[in-house]
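Me: I am new to this structure and would like to learn how to read it. Please take one feature at a time.

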Amino acid sequence: MKVKVSRKAHFNAAHRLYRPDWDDQANTDVFGKCSNPHFHGHNYELIVSVTGPIDPQTGFVMDMKDLKDLIRSEVEDAFDHKNLNEQVPEFRNLNPTAENIAVVIWNKLRPHLSQDLDLEVKLFETPRNFVTYTGN
Ligand code: NI
């Protein structure tokens, strides 16, 4: 028997989607407003889910305080109120799309979780646009 437990989190961050090897027109054609050279912000909503067996001693899959603290240290402290392109090393050479941000978050959290737990990262860039990464 496995149960999925989830924790919601939030961060505000600025980004610009572009390829330096494309001209402005090509970047605008592909990335639209998200390629604005002056950057722009999003209110990112994050749902981190951990799936695993219930520990018979605690009744927990995972202590939610530990998950809360992990998200704060690895994601919120690193990304909140930052310019992702310029201030977060993982995006120095990686376009900070919602897809890539979700993968980066997954890679930052995974080493801190027990091996018998599965990890899923769901990231909302807008209330209507969201991506999910499970490590596959
Ligand atoms: Ni954007």
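## Reading the metal site and the core

Reply: In sequence, the donor residues of the nickel ion follow the spacing H-x18-C-x5-H-x1-H. Donors are N, O and S atoms within 2.8 Å of the metal (3.2 Å for Na, K and Ca), and as water is not among the atoms, sites may look incomplete. This is a predicted model, in which local features need pLDDT of at least 70 and side-chain atom pairs count only at pLDDT 80 or more, while totals for chains, interfaces and linings use all residues. Residues are numbered from 1 along each chain as its sequence is written, and side-chain values use heavy atoms, with hydrogens and water left out.

Me: Which atoms coordinate the nickel ion?

Reply: They are NE2 of His15, SG of Cys34, NE2 of His40 and NE2 of His42, at 2.1 Å. Cys34 and His40 are both buried (under 20% relative accessible area; exposed is over 50%, partly exposed in between; 1.4 Å probe, protein chains only).

Me: Where is the largest nonpolar core built from, and which residues have the most contacts inside it?

Reply: In soluble globular proteins, nonpolar side chains tend to be buried together. A nonpolar core is a set of buried Ala, Val, Leu, Ile, Met, Phe, Trp, Tyr and Cys residues joined through side-chain atoms within 4.5 Å. Here the largest one has 32 residues, and those with the most contacts inside it are Phe11, Leu46, Val50, Phe79, Ile101, Ile105 and Leu123. Elements giving two or more residues to this core include strand S1 (3-15), strand S2 (40-52) and helix H4 (98-109). Helices (H or I, at least four residues) and strands (E, at least two) are DSSP runs, numbered from the N terminus. H4 gives the most to this core, seven residues.
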